[in-house]
Amino acid sequence: MTVEEIMGGESRNIEFKATLPKDSERYLKTIIAFANTQGGQMIIGIDDRTRKVIGVDEDILFRMMDGISNAVSDACAPQIVPNVELQTIDGKTVIVVTVTPGPNRPYYLKTKGKSGGTFIRVAGTSRPALPEKIKELEMEGARISWDELTCVGYPVSEEAVEKLCTDIMNYRSRAGLLHREVTRTQLVNWKLLKETEGNVTASNAFVLLTIFLFPKLSAPYLKEPSAIYSSISVNLQGRFMSRLKRRKILSCATYA
């Protein structure tokens with residue numbers, strides 16, 4: 001933490017505290033919010049209003065560091081392991097608590113439970129997460145992306161499958177990649193389609209890639225003028241193809 005960064009004030013990833021609140025819940029919300037968002041640092045010993053470096057009394061320095069580590073370990077679930085260290089700024093010692101983005105979201109206060117104790121970072125504040133955000137965090141914790149979710153009721157026609165396979169092969173050709181046949185099997189392996197006991201269902205990604213190829217079938221899924229969605233769909237198709245290319249799916253020698 002530099003003087004220039006301090007003068008920049010609090011942000012989504014930075015929070016200042018002049019002293020450590022006696023009520024640990026007040027700062028644990030920040031720790032949890034960092035873990036549920038993009039990570040961040042809580043610096044104790046800097047006035048959040050004036051941005052003046054106050055420092056922490058050396059007599060309580062190490063006791064305070066231990067208290068922070070214990071409070072986080074005892075009160076948060078799943079377990080959060082912050083890095084608590086000292087830093088000297090303008091000749092004064094502050095405590096820097098660094099939290100990395102957590103992989104096992106959502107993180108929450110045990111005393112309040114997941115529904116009431118989950119917090120996220122919004123600008124320079126820590127806010128309670130709404131139910132829909134908690135659901136999103138649960139998906140992130142389970143390593144499930146929105147595009148892999150099943151779009152219930154969306155029809156999967158053989159015509160749509162063949163057209164999408166052809167589009168992917170054409171994309172490979174335009175990108176200068178070797179010609180490879182793309183079949184329904186690859187769409188299943190890429191999680192665009194799901195097969196369960198002989199039934200085939202579409203993922204959200206499959207919908208985005210095919211929704212304007214067959215407007216009559218897709219009509220129930222359109223809530224806005226099709227011209228708007230069409231431009232969005234084309235853009236998303238390009239992004240999805242780029243994503244497959246980055247994952248080396250489109251350029252792999254074989255399709256397993």
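Predicted model: local features only at pLDDT ≥ 70, side-chain atom pairs only at ≥ 80, totals over all residues.
In what order do the 4 strands of the open sheet stand? The order is 1-2-5-4, and the pairing is mixed.

**View 1. The open sheet and its edges.** The sheet holds 4 strands. Strand 1 (14–17) and strand 4 (83–89) stand at the edges. Each has a single partner strand, so one side of each is left without a neighbour in the sheet. From one strand to the next, the twist averages 25 degrees.

**View 2. Strand 1 beside strand 2.** Strand 1 and strand 2 (residues 40–44) run parallel, paired over 4 bridges. Look for Glu15: its bridge partner in strand 2 is Met42. Helix 2 (residues 24–36) packs on the sheet here. Helix 2 touches strand 1, strand 2 and strand 5 (92–99). The direction of helix 2 makes about 155 degrees with that of strand 2.

**View 3. Strand 5 and its two partners.** Strand 5 pairs with strand 2 in the antiparallel sense over 5 bridges. Gln41 stands opposite Thr98 of strand 5. Strand 5 also pairs with strand 4, again in the antiparallel sense, over 7 bridges. Here Glu85 stands opposite Val96 in strand 5.

**View 4. The hairpin turn.** Strand 4 and strand 5 form a hairpin. The turn has 2 residues between the strands. Asp90 in the turn has a positive phi of about 55 degrees.

**View 5. Helix 3 across the sheet.** Helix 3 (residues 61–75) lies across strand 2, strand 4 and strand 5. The helix runs at about 145 degrees to strand 4.

**View 6. The largest nonpolar core.** This core has 26 residues. Which of them touch the most other members? They are Leu28, Ile44, Ile68, Ile80, Ile95 and Val97. Helix 2, strand 2, helix 3 and strand 5 each supply at least two residues of the core. Apart from it lies another core, of 19 residues, including Ile168, Val182, Leu187 and Leu193.

View 7. Helix 6 (residues 158–174) has 17 residues. From first C-alpha to last, helix 6 reaches 24 Å, close to the 24 Å expected at 1.5 Å a residue. Which of its residues are buried? They are Ala160, Val161, Leu164, Cys165, Asp167, Ile168, Met169, Tyr171 and Arg172. An α-helix has 3.6 residues a turn, so residues three or four places apart point the same way. Just after helix 6, Gly176 takes a positive phi of about 80 degrees.

View 8. Lys194 sits in strand 9 (residues 193–196). Lys194 counts as partly exposed, because its relative accessibility is 29%. Leu149 is 45 residues away from Lys194 in sequence, yet their C-alpha atoms are 9.7 Å apart in space. Leaving out residues up to four places away in sequence, Lys194 touches Glu148, Leu149, Thr150, Asn199, Val200 and Thr201. With Thr150, the contact is polar: side chain to side chain, at 3.2 Å.

Technical notes
Residues numbered from 1 in each chain as written. Heavy atoms only, no water. Pairing = 2+ DSSP bridges. Axes fitted to C-alpha atoms, helices over the stretch in contact; angles between N-to-C directions. Contact = heavy atoms within 4.5 Å. Core = buried A, V, L, I, M, F, W, Y, C linked by side-chain atoms within 4.5 Å. Buried < 20%, exposed > 50% of the residue type's maximum accessible area, 1.4 Å probe, protein only. Expected span 1.5 Å × (residues − 1). Polar contact = N/O pair within 3.5 Å; in protein donor to acceptor, adjacent residues only side chain to side chain.
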